[in-house]
Amino acid sequence: MIKDKKILVTGGAGFIPSHIYDLLYKDNEVNIIDNLSAGTVENLPKGTKIYKFDLASQMEWKRGRIEKLVKECDVVIDCAAQVSTFESMIVPRKDFIINGFGKMMLIDTVAKVNPDALFIYTSSRSIHGEIPEPLVANEMFPYKSHSFYNLDKYYIEDALKLYHKTYGINHVIIRPANVYGPRMPSKGLYGFICRWIAYTIQNKPIQIWGDGKQIRDFTFVTDIAKAYPMVIDNPSTLNQEFLLSSGRAV
């Protein structure tokens with residue numbers, strides 16, 4: 001159990017990070033940054049304070065408000081993101097501004113004002129690309145770009161490693177795989193499981209691309225969230241990468 005920590009969660013009103021917040025806020029001081037472009041206040045306990053800052057805004061960084069929150073924390077849990085691989089292919093510049101520039105500004109600020117803080121970065125299983133059957137991925141499976149989304153995710157992973165080597169920032173990289181569960185957004189190109197459920201309730205046909213034999217490893221959101229407290233104050237996890245999956249093909 002993690003107690004008495006000052007923790008900053010970016011994108012904290014979103015799907016996965018709101019579940020992380022649930023596990024941390026009662027015993028720790030947890031601040032949330034979220035521009036509410038994807039997250040919603042309904043995902044959090046009533047009365048939760050949200051700093052509506054945009055990590056991808058140069059003007060926001062010039063104001064110095066994010067820097068102040070970074071300076072005061074023990075742990076940065078970075079979950080803010082553009083989450084759709086499809087959208088990254090349609091608007092790659094937008095994906096880089098959010099998943100590249102915004103992250104680099106955050107990491108660089110930690111390096112300058114609070115290098116002793118632990119940086120937990122939410123990457124993605126997708127950095128490994130399409131994994132041909134019958135192979136099973138693990139943390140050592142090679143990186144293979146197939147979208148601008150996982151290109152930018154891997155770029156930040158590599159940047160963190162270089163910041164650790166150069167400035168001594170300790171970090172943990174977490175790669176969730178195909179997360180589903182309560183608070184999953186039903187809009188956009190990401191929440192197809194929500195649409196499948198809605199179609200089933202309405203007795204509508206479910207559109208499946210390809211031959212229908214493709215498989216995925218789906219992971220329940222609270223199982224993913226539990227990993228974040230586990231790596232805080234755990235020397236064995238420092239500067240490591242963890243692929244979070246169920247190990248079951250669906």
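Let's start in a loop: Ser84 sits between β4 and α4, the helix that covers residues 85-90. Keep in mind as you look around that this is a predicted model. Is Ser84 buried or exposed? Its relative accessibility is 4%, and buried means under 20%, so Ser84 counts as buried. A polar atom of the Ser84 side chain lies 3.2 Å from the backbone nitrogen of Phe86.

The largest nonpolar core has 33 residues, and the members that touch the most others are Ile7, Ile20, Ile77, Ile120 and Tyr228. Which of them gives the most? That is α8, with 6 residues.

Setting aside neighbours within four places in sequence, Tyr228 is in contact with Ile20, Ile77, Cys79, Ile120, Thr122, Ile174 and Pro176.

Finally, let's look at empty space. Rolling a probe the size of a water molecule over the atoms shows where such space is left. The second largest pocket has a volume of about 530 Å³. It is lined by 21 residues, and those closest to its centre are Ile131, Leu135, Ile215, Arg216 and Asp217. What classes of residue make up this lining? There are 10 nonpolar, 5 polar and 6 charged residues around the second largest pocket.

Technical notes: Residues numbered from 1 in each chain as written. Predicted model: local features only at pLDDT ≥ 70, side-chain atom pairs only at ≥ 80, totals over all residues. Heavy atoms only, no water. Core = buried A, V, L, I, M, F, W, Y, C linked by side-chain atoms within 4.5 Å. Buried < 20%, exposed > 50% of the residue type's maximum accessible area, 1.4 Å probe, protein only. Helix = DSSP H or I, 4+ residues; strand = E, 2+ residues; numbered from the N terminus. Contact = heavy atoms within 4.5 Å. 1 Å grid on protein atoms, 1.4 Å probe; cavity = no way out; pocket = protein on both sides within 12 Å on 5 of 7 lines; lining within 4 Å. Points joined across faces, edges and corners; volume = space filled by probe spheres on them. Nonpolar A, V, L, I, M, F, W, Y, C, P; charged D, E, K, R; others polar. Polar contact = N/O pair within 3.5 Å; in protein donor to acceptor, adjacent residues only side chain to side chain.
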